[in-house]
Amino acid sequence: MDDIKANLDTPVQDACLAAKASIIVRTGYLDLSAGTGSYRVKEIMNRIGYALGVYVRADVNLTSIEVSCSDGKERVTEVVDLPSVGVNTERIWHMEHFADWLTVNLGHEGVYHTEASLQRSNGGDYGFDARSSREENSQQRTQPITVREAHAKLDAIERKARLYGPLMQALGSAVACSCFVFLLGGAAYDMLGAFVGAGVGQYVRSRMNGKHLNQFLGVAVGVVAAALVTIATLRLVGFVDPTALGHDTAYIGAILFIVPGFPLITGGLDFAKLDFPSGLQRITYFLCIVGMGTLAAWFVATMVGLSPNGFEAPHIPVWLNVLLIFITAIGGVWGFSVLFNSPWRMALVAAVIGATADTARLLMVNYGHASLEIGAFTGALIAGLLASAWRISVRKGLLPASLGFPRISLTVPSIVIMVPGLYMYRAVYELGNLQTVNAMDWIFKAMLVIVCLPIGLAFARILTDKTWRYDR
């Protein structure tokens, strides 16, 4: 620490190894805290390490990083731990542009920016201090970046509050789950019940998370609240229209806000990059959250006497059904983007990508008689290709650098609505009733779809990214 303090006002390229390592490790820590995968954390640390002349070797787990930095003469090892697991796509975005800001100013190639584009930007779009950035631009940066300045940028990113409070997150959850229900074949009353239940359930979970209570407790209580409120809503509507009483399956759609899409997809992509320890931890976390949520919903169903018989799809013309699928897919992806803390421009791009991919998937399954697994793979592949096309357009200068969104921030919200939450719940429900044969049937159906989603994204990366195409 004394070495770092003594080098705070030293240019980063001339600083001691401990000071350089402090920037590298903190960058990885903030990226990991945003919910991204191990391969991305290693990528951003190696990129900054290369610009600083430091060799970086890191072991990245779900909640910890062990990093060794060497300059050929000395070696520094740091270990950092996260207190919890969460998702913040805005922070992932900021971290990519921080890496651009640092590496471009050190004379290296940027992903989105050139030196000229950084001078034109005031920095406010990326969580940096806009005032200091304007001063930099007016002076045309005659002084090199110091260690203190790099940490000040990271301070601004770390201190940035989440964009959406509990009420807005509840609205996002309500919209996402009600749209999810339609995509699963639900009707208007199913969507209404899921809307109210999911909104209340997510609000309860947000308030509990705000008090730093155990995540699994928050998931269980949120699911119980969502299921009970959904059932109560339909019972109240039933006084006016008794047909609403036949839509109890909506409670399954109301609990789908708990699906941890980021650990599932990043875990699968870590497998694709041969990072098995990190991949296993993320998939295990996904299974634990889903298991806790579905067990809580099964408990409610058992106590109230509900049976998930599936949704009865409304009879509407094909052209109208396709249009509604596209619209509800936009709403579903937008809702999950809000839960993931995506800025509105990022959420809009993800919504269009997700709607295109999910509409193509459902057209294949519903009208092309393709299997669910092929549909999931194709939908994820389309989402990955569209996200890569967006990123390439920014790199080629066809779109402004401020719209350079990380692929993972576009693809995961796009394909979360493809996760077979209904299948996973049916598996737990049948298992709870000791119907083991039926339970295994639903488990295998769910697992095949789950496996195909990250494979589709990985295949899109292999097609569009040479660093994924070759093992080096």
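These are my notebook entries on a predicted model, taken element by element.

**Entry 1: the record**

I began with the UniProt annotations, which come from an unreviewed entry. The record lists "transmembrane region" for residues 180-204, 216-238, 250-271, 283-306, 318-340, 374-392, 404-423 and 443-463.

Residues 23-100 are 49% helix and 26% strand, and the end C-alpha atoms lie 14 Å apart. Residues 143-301 are 76% helix and 0% strand, with the end C-alpha atoms 65 Å apart. For residues 332-461 I noted 79% helix, 0% strand and 24 Å between the end C-alpha atoms.

Residues 374-392 are 100% helix and 0% strand, with 27 Å between the end C-alpha atoms, whereas residues 180-204 are 84% helix and 0% strand, with their end C-alpha atoms 20 Å apart.

I next traced the strands and found three of them in an open sheet, in the order 1-2-3 and with antiparallel pairing. Strand 1 (55-60) and strand 3 (75-81) are at the edges and each has a single partner strand, so one side of each is left without a neighbour in the sheet. Neighbouring strands are turned by 15° against each other on average, with direction ignored.

I followed the pairing of strand 2 (residues 64-70) with strand 3, which is antiparallel and runs over seven bridges. Within it, Glu66 stands opposite Val79 of strand 3.

Two helices pack on this sheet. Helix 2 (residues 17-33) touches strand 1, strand 2 and strand 3, and its direction makes about 25° with that of strand 3. Helix 3 (residues 38-52) touches strand 1 and strand 2, and its direction makes about 165° with that of strand 1.

**Entry 2: helix 10 against helix 13**

For a helix pair, I looked at helix 10 (residues 215-238) and helix 13 (residues 276-304), whose axes come within 9 Å and cross at roughly 35°. I recorded the crossing as right-handed. On the side of helix 10 the contact is made by Gln215, Phe216, Val219, Ala220, Val223, Val224, Ala227, Leu228 and Ile231. Helix 13 contributes Tyr285, Cys288, Ile289, Met292, Gly293, Ala296, Ala297, Val300 and Val304. When I sorted the residues of this contact by class, they divided into 16 nonpolar, two polar and no charged.

**Entry 3: Met191**

I then turned to Met191, which is found in helix 9 (residues 188-210). Leaving aside neighbours within four places in sequence, I found Met191 in contact with Ser178, Val181 and Phe182. Of these, Ser178 is 13 residues from Met191 in sequence, and the two C-alpha atoms are 4.4 Å apart.

Ser337 belongs to helix 14 (residues 318-339), and I noted it as buried, with a relative accessible area of 0%. Not counting residues up to four places away in sequence, Ser337 touches Ser342, Ala347, Ala350 and Pro413.

In the loop between helix 14 and helix 15 (344-366) I looked up Asn341. Its phi is near 65°, a positive value in a residue other than glycine. At 0% relative accessibility, Asn341 counts as buried.

**Entry 4: Leu274**

Leu274 also has phi near 65°, positive in a residue other than glycine. I located Leu274 in the loop between helix 12 (261-272) and helix 13. Is Leu274 buried or exposed? With a relative accessibility of 59%, Leu274 counts as exposed, whereas I had recorded Asn341 as buried.

Methods: Residues numbered from 1 in each chain as written. Predicted model: local features only at pLDDT ≥ 70, side-chain atom pairs only at ≥ 80, totals over all residues. Heavy atoms only, no water. Axes fitted to C-alpha atoms, helices over the stretch in contact; angles between N-to-C directions. Helix = DSSP H or I, 4+ residues; strand = E, 2+ residues; numbered from the N terminus. Left-handed = near helix turned anticlockwise from the far one by under 90°. Contact = heavy atoms within 4.5 Å. Nonpolar A, V, L, I, M, F, W, Y, C, P; charged D, E, K, R; others polar. Buried < 20%, exposed > 50% of the residue type's maximum accessible area, 1.4 Å probe, protein only. UniProt positions renumbered as here; feature names shortened; annotations may be inferred. Pairing = 2+ DSSP bridges.
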